[in-house]
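Thanks for coming. Please have a look at the structure on the screen before I start talking about it.

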Amino acid sequence: MATQTESRFSRYREVFLSFLSDTWIGYAFVIPATIILAVIIGYPTLRGLYLAFFEVSLLNPEQMNFVGLENFAALASDPIFKQALWHTVLLTALAVSLQYLLGLGLALALKEKVPGAGIFRSLSMVTWVMPVIVMVIIFRFMVQNGFGPINILLDSLGMPTTYWFGEPGVAFPLIIVMHIWRNVPFYAISLLAAMQSIPKEQYEAARLDSAGPLQRFRHITLPQISYVSMIMIVLHVTFTFKNFDIVYLSTGGGPLGNTEVLATYVYKQAFEQYALGMGASIGVVMLILMLAFTVIYVKLEEVD
Amino acid sequence: MGELEIQNLTKVFQDDGGDIIAVDDLDIEIKDGELIVLVGPSGCGKSTTLRCVGGLESPTDGDIVLDGTAVTDQKPKKRDMAMVFQSYALYPHMTSRENMEFGLKMATDLPKDEIRSRVEDTAEMLGIPELLEKKPEELSGGQQQRVALGRAIVREPEVFLMDEPLSNLDAKLRTEMRTELQKLQQDLGVTTLYVTHDQTEAMTMSDRIVVLNDGELQQIGTPLECYHEPENKFVAGFIGSPSMNFFDVELDTSGDGPTLVHEGFKYDLQEEVYADIKGHGERFTLGIRPEDIKLATADEHNAVTTTVEVTEPLGEVTYVYLEIADQQYTATLEGDMVIETGRTLTIRFPKDRIHVFDAETGEALRNRSRPDDEDIESLTGLQSADSAQASVE
């Protein structure tokens with residue numbers, strides 16, 4: 001009996017050890033990332049969700065008053081919040097759709113053997129790699145009153161000059177332009193890669209099938225870049241929706257709240273008004289909206 | 001009608017290093033309903049020719065004439081030709097049905113149900129109605145091939161262009177499809193220009209073969225013409241498998257009669273052969289097909305002594321690789337003959353089977369005598385007489 005028990009235990013031990021040896025490397029790889037994620041993403045998210053139901057001041061974070069859904073009720077009647085939400089949606093919709101269309105056009109142009117396309121392809125990623133602050137400083141310099149190149153040009157044409165980031169009605173379009181300038185090459189490169197994976201025989205077959213250039217684009221190119229297109233669009237919708245740096249560094253949400261977006265409003269509530277709870281509740285609204293996009297993204301990933 | 005003429009077709013590609021002449025002054029006349037196979041080694045210009053005919057490349061010079069009208073400068077869609085590609089080039093995001101419908105939708109104003117019924121009829125003919133709702137990725141190579149054929153057939157074009165359509169299939173399927181394609185072409189009666197590097201396909205499928213090399217026309221003729229009466233050494237070597245054996249020989253007229261002298265043997269020429277090659281210098285290439293090589297006794301006239309290097313028994317026949325003066329040659333011998341490696345073998349080249357080429361130009365000066373048609377004629381005559389008798393009884 002004793003030997004039998006012993007052998008049974010040794011068998012368990014073997015199975016357990018083989019399980020360990022098979023999986024421990026896997027765990028070893030996964031655990032550090034999981035811990036880092038938990039610390040830098042998991043904890044702040046949960047903490048943010050928690051804070052959204054309290055009235056907390058940044059100046060005295062120890063003192064927290066539970067207020068239930070009052071923060072959200074206040075948001076619902078806050079005109080600035082509504083304006084920021086509208087600006088965010090508008091910015092996302094305009095920037096992403098314009099980026100996509102221009103990126104698609106650029107990709108089509110690059111696909112043809114335009115001289116210098118190769119050099120452009122390498123250089124174009126510069127806008128995407130450049131730190132946002134550098135880009136914003138360049139733009140601010142460009143529209144600088146007095147010696148900004150754009151104003152010099154406008155002046156020579158006899159048109160009005162001003163610091164355009166400070167001009168209501170111009171600041172918001174300028175922010176869209178910055179998003180476009182930054183991201184169009186990235187769209188173009190991604191779409192170009194997708195286009196180049198389409199064998200040229202398909203285009204030749206389509207030519208013999210009497211399809212003209214537009215029909216070839218519509219029936220051959222477009223369906224075969226649709227997957228990459230959707231991924232690019234969904235990713236950039238989330239990027240743009242939560243974008244803080246471009247707006248905050250260029251206009252800080254001004255002039256007169258003309259470029260206020262949710263991300264800048266969160267920051268202002270939490271760190272300028274010291275209303276930590278209020279800021280957290282805006283964050284929760286953003287989180288919910290972003291989750292919706294994430295679900296779409298995950299669904300798209302599953303399609304492939 | 002689908003009478004196709006290729007007139008003085010020349011295609012030059014610009015490359016960094018200079019001009020590459022892909023097709024050089026090519027003339028081909030193709031009758032309505034004919035199946036013409038363009039054959040040649042890689043880079044001989046056969047695909048370029050096909051693409052020029054289809055309008056995918058514009059010729060540097062020359063004309064493509066379809067039913068008396070020059071279509072050289074017309075876009076592919078105006079030419080009423082359909083092409084089958086080696087890679088099939090099916091649209092991956094469309095079902096087989098949509099693939100087949102695409103050309104009709106683009107090129108014609110046919111009503112939807114007409115398109116539908118034409119696609120279904122074609123699918124029926126090709127035996128693929130159950131594949132219509134599937135996408136290319138769900139199909140095997142052979143099935144994709146059929147859909148690609150269907151896409152071409154459903155258009156009912158004047159000319160089919162086929163660019164190595166069977167090359168991506170496995171050997172067994174290729175043989176099957178070869179027969180099927182040939183039958184299909186005969187049933188449809190559509191002029192077909194077929195490109196392949198496989199001389200077996202060329203031999204078995206075509207009404208006439210066009211042999212190309214380095215962009216230049218070598219020969220146009222029926223498969224058997226190209227086989228038995230090659231116009232030059234290139235055609236002789238390219239058509240037929242295993243290839244024809246070539247011997248570099250010199251003409252010696254100093255002895256009793258004209259003799260071709262090779263390092264390994266001497267070959268006394270007949271008067272009529274000598275008459276054909278006389279006046280073309282002294283250096284020639286003697287050619288003989290492996291299956292025309294016969295075994296001989298050592299004392300026989302014109303016998304050649306050889307050493308057996310390797311044998312490849314295929315069952316029905318045996319390929320014997322022989323060494324003559326340090327060069328390897330092939331003979332096809334009967335399959336039930338046991339031949340050991342390393343033994344000495346005496347062979348002869350029957351006088352009515354030899355080819356002689358000019359060593360410089362490669363031009364055929366003497367071809368083997370044409371095989372008699374009489375035997376088969378008399379045989380079929382007998383058969384029909386028999387059957388007639390049978391029906392009387």
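I will begin with one residue. Arg283(B) sits in strand β14 of chain B, which covers residues 283-288. Strands here are DSSP runs of E with at least two residues, helices are runs of H or I with at least four, and both are numbered from the N terminus.

Before going on, some housekeeping. This is a predicted model, in which local features need pLDDT of at least 70 and side-chain atom pairs count only at pLDDT 80 or more, while totals for chains, interfaces and linings use all residues. Residues are numbered from 1 along each chain as its sequence is written, and chains are lettered from A and ligands numbered from 1 in the order in which they are written.

Back to the residue: is Arg283(B) buried or exposed? Arg283(B) is exposed, because 12 other C-beta atoms lie within 10 Å. On this scale 12 or fewer means exposed, 20 or more means buried, and anything in between is partly exposed, with C-beta atoms placed from the backbone.

What does Arg283(B) touch, if we leave aside neighbours within four places in sequence? The contacts are Glu250(B) and Ala359(B). A contact means that the C-beta atoms of two residues, placed from the backbone, lie within 7 Å. Val261(B) is 22 residues away from Arg283(B) along the chain, and their C-alpha atoms are 9.6 Å apart.

Now chain B as a whole. Chain B has 10 helices and 21 strands. Of its 393 residues, 37% are buried. Its C-alpha trace spans about 80 × 65 × 45 Å along the principal axes. Among contacts in chain B with a separation of 6 or more, 64% join residues 24 or more positions apart.

Next, domains, whose bounds come from an automatic or database domain assignment. In chain B, domain 1 is 4-228 and domain 2 is 242-366, and their C-alpha centres lie 39 Å apart. In chain A, domain 1 is 2-51 and domain 2 is 78-303, with 41 Å between their C-alpha centres.

Last, where the two chains meet. The contact takes 16 residues from chain B and 14 residues from chain A. On the chain B side, β6 (81-84) and α2 (96-107) are the elements that give two or more residues. α2(B) gives the most, with four residues. By class, that side of chain B has 11 nonpolar, four polar and one charged residues. Nonpolar covers Ala, Val, Leu, Ile, Met, Phe, Trp, Tyr, Cys and Pro; charged covers Asp, Glu, Lys and Arg; the others, Gly among them, are polar.
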